[in-house]
Structure formats: C-alpha cells, structure tokens
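Hi there,

Here is the structure I promised to pass on. Could you have a look at it before you read my notes below?

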Amino acid sequence: MSEDLNYTDINKSYEAALERSKKIEADLLVNPKKYRVLTGDRPTGRLHIGHYFGSLQNRVRLANMGVPTMILIADYQVLTDHDAFDKISQNTKQLVIDYLAAGINPEKQDVIIYPHSYVPEANQLMIPFLTLVSNAELSRNPTVKEEIQSAGLTNVNAGMYTYPVHQAVDILFCKGNIVPAGKDQLPHIEMARTIASRFNKKFCTDMNKEPVFPLPEVLLSKTPMILGLDGSQKMSKSRGNAIMLSATEDETAKLIKKAKTDQDRNITYDPVNRPEVANLLSLISLCTGEAPEAIAARIGEGGGGMLKATLTEAMNEKLRPLRAERARLEQDPEYIRKVLLTGAEKAREIGIQTLNEVRERMNMVI
C-alpha cells in the first residue's frame with residue numbers, strides 16, 4: 001500500500017506534535033467551539049489518582065472552557081486482552097461515577113458520555129477503514145506491541161491487531177479533531193490521521209465535495225507519567241501500586257504508608273537519583289500546586305515519615321470533595337444509567353449523520 005505508515009518517523013515527530021499542541025492550546029481559549037475532543041477509558045476497573053491527575057482534571061478543564069467533548073467508554077476494546085467481560089457493565093457505571101464526581105457535568109457542559117457498543121453506526125465504519133490499512137502497518141504499531149507484551153498475551157486475537165483501527169473509528173465517527181494523549185499514543189493518532197487522509201483522498205475526489213473527515217491532532221498531556229507507590233512502574237490497579245479515587249481516607253493513609261522511599265533521611269527532589277522520593281513529592285505538588293523542590297526543602301530532615309504524612313494529608317484534602325460526591329452518586333444508579341443512555345442516543349445521532357455521509361461518498365446510497 002502506498003503512503004505506508006513509518007512508525008520511526010512518528011517517534012521523531014514528537015517535537016513537531018508538541019509545537020502543534022501548544023498552538024491548539026492557545027486557540028482553544030479563543031475558539032473552543034472550533035474543536036471536538038475525543039477521549040475516554042476502557043472499563044477495566046475504577047479509576048485511580050494517576051487517571052485523575054493525568055486525564056480527568058484536563059477533561060474537566062476543557063469542558064469548562066466550552067470545548068465540545070465526547071467521552072468514550074471503550075467496552076468492546078476490553079475484549080481484546082481481558083477475560084473479565086462479566087464486569088464490563090459494572091465497571092462502565094463506576095467510570096461514569098468517577099467522571100461525574102471529578103466535575104464532568106453533561107447537563108451543564110457540552111459533554112457526551114457513551115459506551116461505543118451502543119453506537120452501531122460508528123462501528124460500521126470498521127469495514128471501510130480496514131480496507132485503507134495493510135496488515136503490515138497493523139503488525140508494526142509499537143503501541144499494540146507494548147500492549148501485547150504488557151498483557152502477557154501468547155495467543156493474540158485479531159481484535160488486538162485491529163485495535164488502532166477501532167480507535168480511529170472512535171475518533172473519526174464524531175469528527176473529533178483533537179485527542180488528549182501522551183507521547184505513547186502518537187502511533188494511534190497517526191493511524192487515525194492516515195485513515196482519514198486515505199478515505200478523503202479515495203472517496204472525496206469530486207471537486208465540489210468537502211472531505212468527510214478532519215485530520216485529528218494530539219493535545220499532548222502536560223502531566224508527566226505518574227508512577228505507582230512502588231516508585232518504579234506506571235501506576236496501575238493490576239500492579240497493586242495505585243490509590244483508587246474510591247478509596248477511603250484511612251485506606252489512602254495505609255497505602256501511602258507502604259510507599260517506597262530510600263535510606264537518605266534528608267528529603268530532596270532528585271528524579272534521576274531518587275525516583276521514589278521524587279514521585280511522592282510530585283504527587284504532593286499535584287495536590288497542592290506547590291513546587292516539589294519547595295516541598296522537599298520544607299520537609300528537609302523530617303525523613304520518609306514526614307514525607308508520607310504530608311502526602312497523606314494533601315491527597316485526602318484534595319480528594320475529599322470528589323469522594324463525597326462519589327458517595328452521593330453511588331446511591332443514584334438510575335441517574336448513572338440515564339447519563340449513559342442519553343449519551344448513547346446523542347452519539348448515535350452523530351454516528352448516523354457521519355455514516356450517511358460515508359455511504360454517499362462510497363456510492364452505496366440506495
């Protein structure tokens with residue numbers, strides 16, 4: 001296939017993506033309605049503080065700015081590398097509770113929350129999109145390789161290899177033009193851009209017709225990767241190194257007490273030589289807004305005990321309003337269901353319109 005995706009070039013293009021991201025951030029302040037954000041999570045469990053600081057806060061910020069936002073619950077994608085399908089429905093509802101408790105409000109913001117299994121019109125785009133990419137391109141995707149390795153898969157199903165195409169469907173069915181993500185997601189965004197470009201080039205040749213799909217841009221995260229309480233790996237529930245948003249204050253204190261530090265009693269901020277201590281200082285900084293260097297100077301010879309106590313107090317203070325709202329929402333399951341069904345209905349309206357455009361361009365209208 002021509003215009004073959006070159007993932008080496010994608011890695012080298014990070015700086016260019018960063019520059020475009022900065023320009024988009026500036027334009028969002030002036031023209032929020034010019035954009036549509038596509039973001040979301042797979043319903044594999046409740047969210048933790050890594051999700052909160054890494055993505056949830058940013059979603060709330062964008063929604064409060066008036067940016068139209070689609071929040072996808074990627075339930076189909078759980079099937080690619082998880083066997084716990086019996087918990088998908090429960091986990092989906094818990095995700096919605098986390099979103100709402102964090103400050104997402106579909107009734108007051110231009111936000112749609114929906115599971116993509118409830119939007120069949122979007123999923124119909126998979127077939128034409130699959131014809132626009134090669135097997136070799138799917139096999140070379142570095143993010144897919146990492147996910148296969150992380151999940152420890154030996155028998156890889158086809159759904160895993162087509163995951164990037166399904167993600168392109170999620171982005172393009174609603175004509176999303178910005179996707180908040182980290183550097184590791186750049187190959188997926190590039191796949192979506194490639195599919196959009198190839199579709200427009202192949203099926204939108206009439207000079208009087210506009211391209212169907214925008215070329216989505218990544219809105220690069222400003223929050224560095226948040227390590228787990230072990231200080232060595234990305235925070236993850238499966239690794240047992242996470243603080244869940246639904247944890248109580250006592251549970252949070254117990255988890256932080258077990259966090260890894262080092263032998264040096266004098267607390268300093270040194271991410272290279274003291275990653276565990278630096279990670280805890282960064283978490284305090286995310287809670288309070290104070291620079292990690294200033295926090296370290298204030299703790300000084302107080303050692304790991306004072307460091308953990310400071311983090312516990314800051315974390316519980318930061319999450320107290322969220323947890324109170326979360327407890328309230330837990331008691332209203334019908335409202336959570338209403339949010340999902342209303343979101344799915346709105347997403348389907350968008351999907352129907354896009355699918356009709358796609359059929360028309362592919363000469364399939366009867």
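What follows is a short tour of the salt bridges. Please keep in mind that this is a predicted model.

Searching the whole structure turns up 22 salt bridges. Three of them are described here.

Let me begin with Glu137 and Arg198, whose closest N and O atoms are 2.9 Å apart. Glu137 sits in helix α7 (residues 135–140) and Arg198 in helix α11 (residues 186–203), so this pair ties together parts that are 61 residues apart in sequence. Both ends are on the buried side of the 20% cut-off: Glu137 has a relative accessibility of 0%, and Arg198 has 8%.

Helix α11 also holds Arg193, which pairs with Glu217 in strand β5 (residues 217–220), so parts 24 residues apart in sequence are tied together. Here the closest N and O atoms are 3.5 Å apart. Arg193 is buried at 19% relative accessible area, and Glu217 is buried too, at 18%.

Glu249 belongs to helix α12 (residues 249–257) and Arg320 to helix α15 (residues 303–330), so the bridge links parts that are 71 residues apart in sequence. Glu249 is partly exposed, with 31% relative accessibility, and Arg320 is likewise partly exposed, at 37%.

One last point concerns shared partners: Arg20, Glu190, Arg193 and Glu217 are joined by their salt bridges into one network.

Best wishes

How values were computed: Residues are numbered from 1 along each chain as its sequence is written. This is a predicted model: local features need pLDDT of at least 70, side-chain atom pairs count only at pLDDT 80 or more; totals for chains, interfaces and linings use all residues. Side-chain values use heavy atoms; hydrogens and water are left out. A salt bridge is a side-chain nitrogen of Lys or Arg within 4 Å of a carboxyl oxygen of Asp or Glu. Helices (H or I, at least four residues) and strands (E, at least two) are DSSP runs, numbered from the N terminus. Buried means under 20% relative accessible area, exposed over 50%, partly exposed in between (1.4 Å probe, protein chains only).
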